[in-house]
Structures are given as C-alpha cells and as structure tokens.
Amino acid sequence: MLMRTDPFRDIDRFAQQVFGTAARPAVMPMDAWRQGEEFVVEFDLPGIDVDSLDIDIERNVVTVRAERPAVDPDREMLATERPRGVFSRQLVLGDNLDTEKIEASYREGVLRLRIPVAERAKPRKITVGRGDAHSAIDEKASQREVINA
C-alpha cells in the first residue's frame, strides 16, 4: 500500500496549536472596546486561580501573565486539549490612556481591565480672546482663563 505523506503537516499542526486559528484562537483571547471615558479589555482565562494572575505595567505596556497548573501525573488522561503552564500577553497602550488608574477584576473566568482616558486626551473648549488677549487652558483644573498680553 502506498501512502502519501506531507512532511510539513506536523509543523503546521504545531503552529496552529501555538498561534491559534480563526476557529480556535490562541491561549489568551481578548476583546477590547471603548465605553464612555474608558477602555475595557477582557481576557478569557477559564480555570485560572486568581492568585496566579500577574499584571505588570511598564510605561505604556501592560503584561498579563497567568498559570494553569499541570495535570496530576497519577491521572490517566483521555484528552488534554487545554493549555497548561505559564502564558502571557502584552498590550501596548496609546498615550491617551491613564495607566496610573487601571482597575482589574476577575470573575467567572474573565479578567477585565478598565483603563480610563487621560485628562489631557479629553476634548476641551478654548475661548477666543478679543484684541491682544490670549486664551489658555489650566490643564490641572481643565478650566478656561484669559491671559492679557
């Protein structure tokens, strides 16, 4: 019997397991959207203990790490499709977000990050002065004041 083999089949299968496909995404799938004055990011992390979650922020990069413990070696496994071990994901945030005020919560296998829009990125009004007057914005209080030259 003649069998046709494809030497790249195993490499392709491995790449699909590591990087995911459209039908089966990678280890830490996420959704992100803007909701009013904040951005919300949700990561699916079913079966993760909240104590194994680690969220780091350095400049404008948020790194989320999680660990799913190994299966008990005494078990006779019939199928092992869920990834095990430590995995992480990084998000590069824009300058218009306030990384000092990020809030995180974990409920029912979903990690939710709430990232507020920075005050400097919010729309403001600038009044136009008459004559030689100049208009300026007090950035801390976001109030208008007119400075005469």
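Reader: Where is Thr 99 found?
Author: Happy to start there, with the reminder that this is a predicted model, where local features need pLDDT of at least 70, side-chain atom pairs count only at pLDDT 80 or more, and totals for chains, interfaces and linings use all residues. Residues are numbered from 1 along each chain as its sequence is written, and side-chain values use heavy atoms, with hydrogens and water left out. Strands here are DSSP runs of E with at least two residues, numbered from the N terminus. Thr 99 lies in the loop between strand E5 (85-92) and strand E6 (103-107).

Reader: Is Thr 99 buried or exposed?
Author: The scale is relative accessible area with a 1.4 Å probe and protein chains only: buried is under 20%, exposed is over 50%, and partly exposed is in between. Thr 99 has 19% relative accessibility, so the residue counts as buried.

Reader: Which residues is Thr 99 in contact with, leaving aside neighbours within four places in sequence?
Author: Contact means heavy atoms within 4.5 Å. With those sequence neighbours set aside, the partners of Thr 99 are Ile 57, Arg 59, Asn 60 and Leu 93.

Reader: What phi does Arg 59 take in the hairpin of E3 and E4?
Author: Strand E3 (residues 54-58) and strand E4 (residues 61-68) pair in the antiparallel sense over five bridges; two strands pair if DSSP finds at least two bridges between them. Ile 57 has Val 62 as its bridge partner in E4. The hairpin has two residues between the strands, and there Arg 59 takes a positive phi near 60°.

Reader: Which residue in E5 does Arg 65 stand opposite?
Author: Nice one to trace across the sheet. Arg 65 in E4 has Asp 54 opposite, and E4 also pairs with E5 in the antiparallel sense over eight bridges. In E5, Arg 65 stands opposite Ser 88.

Reader: What is the bridge partner of Val 40 in E7?
Author: Here we turn to the open sheet of four strands, ordered E1-E2-E7-E6 with antiparallel pairing. Its edge strands are strand E1 (30-35) and E6, each pairing on one side only. Seven bridges join strand E2 (residues 38-44) to strand E7 (residues 110-116). In E7, the bridge partner of Val 40 is Arg 114.
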